[in-house]
Amino acid sequence: MAEPVSQNAAEDDPDRSEEDKPRLSRSEERGGSRRRRAKPAKKRSFWKELPILLVIALVLTILIQTFLAKVFMIPSGSMEATLHGCPGCTGDRILVDRVTYDFTEPSPGDVVVFKGPPAWINNEIAPQESSNIVVRGLQGLGSLVGFAPPDERDFVKRVIAVGGQTVQCCDPQGRMIVDGKALDEPYIYWDNPANQEQRTFEPVKIPAGMVWVQGDNRNNSDDSRFQGGGGVNGAVPVDNIIGKARIIVLPPSRWGGITDHNPQASAQPVALGAPAWQSGLPLGAGIAAAWPALFLGRKLKSGLRRAAGRKP
């Protein structure tokens, strides 16, 4: 009597050929493959990943602003109207390129951000620190990413002359002079259009490795003309320069590039003379002496005629 064949006979008999083994259906094969696969890990929820993403974004922002480019807030009106920082208006946020001066030197016309040297005692930025440690921390973080007033002695000015050049003010037309040439400065802003005169100062030769900087709001800027008592003390070391101002990033209405017009490119040679009031002295003296000379001439002429009339 024949014994019934077990359904697992193929598996029980190792000598049985593959052809004799019963084939599994496709559904059974797919089911087996699913069982063999590892179960996929559960995805984290968005709210759990959000803090991680924020930390990564913050770290990248700090690294970028430390080594490549940084956003600065303009807190004063010394660079009006190129950069807004006037009282009562929204201060500009500017993107400063920190890489350029690793390969090149600052040039006349560049708008630069720099740390004020020790001689610069007149700090235009008045840091206001809170007594609350949390608020101070937030202010420091905001300053780091450019969304709060800076808490360091950082300035923004325009380079007028560089090391080895001689700067002074002014020619008879009131223009700045570098190496005997009057500068072309279309970016100058006059707070009072009726008073377009710059403060005069004697020639200053800028030491090597330093630059002479001034604000575009020429009569409302504590710059190289005043800081440190003026003269050589007002010059800024190139090593103090943080970077070159490139773009206004905020507010949106002010988006755009920052002019780096070179004032020396179209400079005109000038003959340095005395101030206008001194130049007018010879003319005034001539006019004043003309009347006595004319009077004496007439008297002499009249006397000669009388003397001629008395001759026999």
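Student: How much of the contacts with a separation of 6 or more comes from residues 24 or more positions apart?
Tutor: In this predicted model, such residues account for 74% of the contacts in the protein with a separation of 6 or more.

Student: OK, and how many helices and strands does the protein have?
Tutor: There are 6 helices and 13 strands.

Student: Do tell me about a sheet. What's the strand order in the open sheet of 5 strands?
Tutor: The order runs β8-β5-β6-β7-β13, and the pairing is antiparallel.

Student: Which strands stand at the edges?
Tutor: Those are β8 (201-205) and β13 (268-269). Each has a single partner strand, so one side of each is left without a neighbour in the sheet.

Student: And how many bridges join β5 and β6?
Tutor: Strand β5 (residues 166-169) pairs with strand β6 (residues 176-178) over 3 bridges, in the antiparallel sense. Looking at residues there, Q168 stands opposite I177 in β6.

Student: New topic: the surface! Which residues form a nonpolar patch?
Tutor: The patch is made of I52, V55, I56, V59, L60, L63, F67 and L68. Together these residues have about 740 Å² of accessible area.

Student: Where is F67 found?
Tutor: F67 is in helix α3, which covers residues 46-67.

Student: Why does F67 count as exposed?
Tutor: Because F67 has 54% relative accessibility, and the cut-off for exposed is over 50%.

Student: Zooming out, what share of the protein's residues counts as buried?
Tutor: Of its 312 residues, 33% count as buried.

Methods. Residues numbered from 1 in each chain as written. Predicted model: local features only at pLDDT ≥ 70, side-chain atom pairs only at ≥ 80, totals over all residues. Heavy atoms only, no water. Patch = residues over 30% accessible without salt bridge, like charges linked within 9 Å, V, L, I, M, F, W, Y side chains within 5 Å. Areas by Shrake-Rupley, 256 points an atom, 1.4 Å probe, with all protein chains shown as cover. Salt bridge = Lys/Arg side-chain N within 4 Å of Asp/Glu carboxyl O. Helix = DSSP H or I, 4+ residues; strand = E, 2+ residues; numbered from the N terminus. Buried < 20%, exposed > 50% of the residue type's maximum accessible area, 1.4 Å probe, protein only. Contact = heavy atoms within 4.5 Å. Pairing = 2+ DSSP bridges.
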